[in-house]
Amino acid sequence: MRWQGAPALMGVLNLTADSFSDGGELLAPNGRLKREALLRRADAFVAEGATYLDLGAESTRPGARGLGAEEECARIEEALKLLAPRFDVALSVDSSTPMVFECAAALGATLINDVRALGRPGALAAAAASGATVCLMHMQGSPESMQDAPHYEDVVAEVIAFLEARVQAAREAGIDDTRIVLDPGFGFGKTLTHNLALFRALPRFVGLGYPVLIGVSRKRMLGQLTGREAAKDRVVAGSVLAAEAARQGVAIIRTHDVGATRDALAVIKALEATL
Ligand code: HH2
């Protein structure tokens, strides 16, 4: 099934001190949420066209510090209580922690975005019970070491096989097809060559029959392609990839730069009869 229409935009709200692109903007050094800044950012994203807001309390960048489940839950809960009553958009939680799935769903999150594809103990059952849609993402290794020496014989075939296996596991846990979204996981245990091969293969991922989400915004692969060191200087490059992803039938684009991405999609949409 090819996604019908232009992709939806998912604005990234990192409630972290150490995210690679925007760490500390929404969380003070003492661990307190910057509530006003969070509301301003969410407001701007929604005004610019985001129909999903993705809340993450734990960075997944290489070498990031892990949070305890209680701390992760508390941070997500505080943010959801602030956002859920104010915004009529889908709220997503970027987490791999079963306890977080439960508390987030109870507070209105309708998407569980798990970079570990529900691989942690108890994650499949907790996600199934939550009633939320799940985004199953591919990662080779774990955030601590995933960029050390990623290796594949055939990156596209291996990522597809992994996602198919996780779909099977999700279905066996009681998550039906209408609740599944897939993501090749750009930058998660991949070199630039791997990322480009996966991007070129997007039609194969779309062909698996589930909505496809991609997250390329501000990532290192864009720095490698453009020579831009600072993550914030990679907005144009990310928007170009978003526009190309739209042409390939991707359903959801996860981005730190909703306005720029929307502009790129508007131009492509005018050119593409199918969008
Ligand atoms: N990328 C990041 C985090 N979560 N989720 C999905 N489904 N796909 C992605 O590509 C993806 C993701 C990394 O970006 P960011 O959240 O900005 O960084 P950090 O993990 O350092 O907070």
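Sorted by class, the lining of the largest cavity has one nonpolar, three polar and four charged residues (Ala, Val, Leu, Ile, Met, Phe, Trp, Tyr, Cys and Pro count as nonpolar, Asp, Glu, Lys and Arg as charged, the others, Gly among them, as polar). This is a predicted model, where local features need pLDDT of at least 70 and side-chain atom pairs pLDDT 80 or more, while totals for chains, interfaces and linings use all residues. Residues are numbered from 1 along each chain as its sequence is written, and side-chain values use heavy atoms, without hydrogens and water.

Back to that largest cavity: its volume is about 50 Å³, and the residues around it are Glu 58, Thr 60, Glu 72, Asp 94, Ser 95, Ser 96, Val 115 and Arg 116. On a 1 Å grid over the protein atoms alone, a cavity is where a 1.4 Å probe fits but cannot get out, a pocket is an open set with protein on both sides within 12 Å along at least five of seven lines, and lining residues have an atom within 4 Å of a point. Volume is the space filled by probe spheres set on the points, which are joined across faces, edges and corners.

The structure holds two cavities of 30 Å³ or more.

Now for the largest pocket, with about 580 Å³ of space. It has 34 lining residues, with Phe 20, Pro 62, Gly 187, Phe 188 and Lys 219 nearest its centre. Helix H6 (192-200), strand S7 (213-215) and helix H8 (220-226) each give two or more residues, and H8 has the largest share, three. Its lining counts eleven nonpolar, 14 polar and nine charged residues.

So where does the ligand sit? The ligand is in the largest pocket (more than half of its atoms lie within 2 Å of the grid points). Around the ligand are 19 residues, the closest being Ser 19, Thr 60, Asp 183, Lys 219 and His 256 (a heavy atom within 4 Å). That shell divides into six nonpolar, eight polar and five charged residues.

Then come polar contacts (N or O pairs within 3.5 Å). Oxygen atoms of the ligand lie 2.7 Å from a side-chain N or O atom of Ser 59 and 2.5 Å from a polar side-chain atom of His 256. On the nitrogen side, a ligand atom is 2.6 Å from a side-chain N or O atom of Asp 183.

Note on methods. Helix = DSSP H or I, 4+ residues; strand = E, 2+ residues; numbered from the N terminus. Polar contact = N/O pair within 3.5 Å; in protein donor to acceptor, adjacent residues only side chain to side chain.
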